[in-house]
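Subject: Structure for you, with notes on aromatic contacts

Hello,

Please find the structure below. My notes on its aromatic rings follow.

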Amino acid sequence: MAGCRMPEDLATLSELDESVLLEVLSTRFRHDHVYTYVGDILIAINPLKYLPLYEKSEAEKYKSCSKSNLPPHIFAVADRAYQSMLGRLATGPKNQCIVISGESGAGKTESTKLLLRQIMELCKGNSQLERQILQAASICCLFKAPRIHGYHYSKIFEAFSNCEVKVNPLLEAFGNAQTVMNDNSSRFGKYIQLRFRNTAVKGAKINEYLLEKSRVVHQDEGERNFHIFYYMFAGISAADQEVYGLLDPTFYRYLNHKYGAVETIKQWSKKYNEVCNALDMVGFLEQEQVDMMTILAGILSLGNIIYEPQENGILKVTDQSKGWLKAAAGQFGVEEEELLKCLICTMAVTRGESIQRYHSKQQAEDARDSIAKVAYGRVFGWIVSKVNQLLAPKEDVCTTELQEIGILDIFGFENFAVNRYEQMCINLANEQLQYFFNHHIFIMQQKEYKEEGLEWETITYKDNKSILDLFLARPLGVFSLLDEQSAFPQATDKTFVDKLNSSFKGNPHFKIDRSRTPGFTVIHYAGKIQYNASGFLEKNRDTIPASIRGLFINSITPLLSVLFAATVSRTGTLMAQQRPKKTEDNFNSTRKQSVGAQFRHSLAVLMEKMFAANPHFIRCVKPNINKLPDHLDSKLFMDQLRYNGLLETIRIRKDGYSWRPFFKEFAERYGILLITPNISLTKERSLSQTVAEDKKNCLAILQTTGLKDWKSGKSRLFFKYWHQDELAKCIEKLEKAAIIIQKRTATPPIPLPRKKKPLPRPRSVAVDKFRNAVQPPVPRPRSKLVEATPFDNSRDHMNSSWSQEQADKEHQINQKRATIRWFKETQARKVIQNGTFPCWFHGMITRRESEDLLANQPLGCFLIRVSGSREGYTLTFRGIDRCRHYMIEMQPNGRYVILGEDKAHPSLPDLVDYYKTVGIQPFMEVLTTPCGQKCAHETDYEELRNLSVKTNPQEKLSSGTAADGSTHDRVHNELSKLFVPPDLPLSLQPEMSPVIRKIRDRKLQAASSGGSAAINSENGIEDEHQGGKRTFPRLYPSIRLAMREIQQVHEQQPTLHGPNSGEEFVPELPPKQFKEHHRTQLPGSEHYNKK
């Protein structure tokens, strides 16, 4: 029964109705077969439990293989898109797009992660770019009960013994949240563009759409705010909480005064560490990270500001929330009075005269919430912009030459108890995707059948074009009318609904709502949705107080100033690199686009990209709404299949022809299969040949293949979906045969004589590598009486080869000099520990020299050397069978990363300490014993010594004195003098301004003193250890004072927020204990107390 009723392709079913469809899919689901084909379309059911489908052994099976040989899998879709992009399948090289659709909670986001992972596997990506794409573009937050189609994602990586990447959170931490339907629901849409040259990935770009900013200020019952807020409280140390101005999470109105259970908080703490590491890997500077966290804390503080009217009618902040106002001003880096003025009044200029208009309480609360939403949206857009800068193709790569695979992961169709403005935009996007699916599967195919004269019985389908017209038509569409009403200051949500009722009274897809609250009902392709229109106009306008932009641009918090000085594109994308004109007001000008207009335009751009590419479809299905494994709700399941038009899709894939190439296109692609000698190939034909000749050649090709069930039209051939794989097998057989013939007939190449390797010189002999001159070859004497022959030109050849060799050596010398200069100026002080270099650091030695040092060392012995050809390091490690060399790269923010690893480290000593306990992939070997210097006579730093300063007699004397001590200390003390000399000659000093030189001299004196006193700086406190810098917010003292004031208020008045039913409650930390707990852990707090 299971074997006969479990077909892998539904297009092969002989009987086709809803009962048969439900029986087949439910049977496959019970046997844990969650993937099923409909021709070349994949149906993915969320199993809501762990399944061993994603181990590396499974991923290897789906590399360049035929779909018919393996069970259905999402990896097969990734392989098909990759091979099609390279032109290895039916069509030539062409951009591809993978469209993932389904309801919220059906597994779309996790499917995106799997696709990205498999595509990186297919292109054999092991470079830092591929790792960064999986760090940023995979974007895996895994909130609370993280699931890949429902199951815990970390279990997959535990199953990978040779796991390449541990996917870490970034955008999902800021863009995903818990909803009623999904614990990790995407509250924004993203289209990931992977860009390739040949088989290698050269860059990527993430396009984000319609972030649900209203979630920042309001969440319905059973829902949460964005993940990052909960991660902050769980992962930030007590000292950092005081730095950012964070108190107990149950204090905050924007979090509904709720938190989480103990076990959940532990998971959040781990996720916060992953977010911090991802920020380091992407390249966020420490100051940027501090500013970002401070802005997020300021958003939470802003939500606790409460107003009350005075006797004159002007609003003021209540006594209980004055501390929150002070905290928000400090966290935003602005004046408290200026922030309050922006909240309670508006400045208007009429005929050159400034008029101050005070807000009502409702207007002031709206202004407060709008500032919070816009600030959070700007932070999110900035993160996406930073990620795209990192993943962009290099300057030497022409983007027009790159092929592309796009992956669309956009919000699923939503129908909540209360559906608002965001749900309307989300459902419109799903309507657009359904139309895109219908266009490719039904409209385009059946139109071509009629044009080519094929006998075809038209298949009816549920066309949603009229629903799209209801929303997008101009001038009488829902969004056009919404923009029209938003332009009138006196318009309300009720007047907008009245306008809709009068305009669409007879529309079959629109129903008038008779409830008290303003609302309307739309009959979507997926069902009837009732929308609550309260707040539609305000959300569509997305305005903030006119003066807030100028206030934030002048903020002393650099990041906030950059965010509000940036411009916003027509699609709503933040463009931080472009400065707006002085006369332009991006927030309040009448020309500013509404949120709906931005979303419509971004959706149009997305559809344009997708229509220009070859699509692959994945339809995700949710088995039940309670997130229970092994349980399938038949009614919910069939509803999803029904409105997706699955029955009609099966029919057209069964009877139709999904691949329809032109005669010329087919002949050019498969002309190699021709075996008839008197038929001309397509490439040799002249332009005057007719379509009939093209058709004749195509028929000749098809006769050699033995394909069946294809048809020929007037200008096209029509093939079933499986014909592409069969033709690919035919070409593969010819390629294998050609390789065998070449192996048997080809003459083996004559090996060139190998150059004799020079014997390794003793390490104790210092040789000036930069002055090792090579003499040119001496020409042989020649009599002038002898006539010149062609062989005499060999002398010119010798001279040219010698010149080239000299140029290469000079280039290597200059490269080494530049690397040494980079090391001395930027790196030496970071490597020094306690005034000396660690024993595992061996300067700029060659690969062979490092292997000689480790030849007789125990397993796990290691050293780190400076690379001679690039600005970076190399870790050389004594492995089981050989020495291994790992490249260490520096991130833009100064962090150190071993190429291929996913962990960033602030310094080389920290990197060494980390990998003494954690193995390095893929062999998972740990560092054990550092490799010291080879001998006591000379150090291993000849190249660095040649550029150093010669020691004076006093230094020689001190060197002789040091010889009485240990050899290890003498070597390191001598080496330290090379990089931290007490008196650097003027001839070797780099050109710098007097101010910079003064700061440099002060830091050198502090470092050479060896004391424990820290160096105070503008933004933080610089500690002696590795020159580390503890970064603080710009107005940290004001934030501390505000926190103390809030603590005092809560000491005098009991908290108003107690435990809430159905939610875990974290008891409030006593204010005095909280304050003392922070003060003892905060480094450098004495400095701010003195201020």
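This is a predicted model: local features need pLDDT of at least 70, side-chain atom pairs count only at pLDDT 80 or more; totals for chains, interfaces and linings use all residues.

F284 belongs to one of the 45 aromatic pairs in the structure. Its partner is W382: the ring centres are 5.2 Å apart and the planes meet at 75°, which is over the 60 degrees required, so the pair is edge-to-face. F284 sits in the loop between α10 (262-282) and α11 (286-303), while W382 is part of helix α14 (residues 361-391), so the contact ties together parts that are 98 residues apart in sequence. W382 is also buried, because its relative accessibility is 5%, and the cut-off is under 20%.

A second pair is F666 with Y670. Here the centres are 5.0 Å apart and the planes are at 40°, so the pair is tilted. Both residues lie in helix α25 (residues 663-670), four residues apart, or about one turn of the helix. F666 counts as buried because its relative accessibility is 1%, and Y670, at 1% relative accessibility, counts as buried too.

Ring pairs also build a cluster, made up of Y421, F496, F504, F510, F520, Y531 and F536.

Two arginines are placed over rings. R378 lies over the face of F564, 5.8 Å from the ring centre. R884 has its charged end over the ring of F923, at 3.8 Å from the centre of that ring.

Regards

Note on methods:
Residues are numbered from 1 along each chain as its sequence is written. Side-chain values use heavy atoms; hydrogens and water are left out. Rings of Phe, Tyr and Trp (its six-membered ring) pair if their centres lie within 6.5 Å; planes under 30 degrees apart count as stacked, over 60 as edge-to-face and the rest as tilted. Helices (H or I, at least four residues) and strands (E, at least two) are DSSP runs, numbered from the N terminus. Buried means under 20% relative accessible area, exposed over 50%, partly exposed in between (1.4 Å probe, protein chains only). A charge sits over a ring if NZ of Lys or CZ of Arg is within 6 Å of the ring centre and within 35 degrees of the ring normal.
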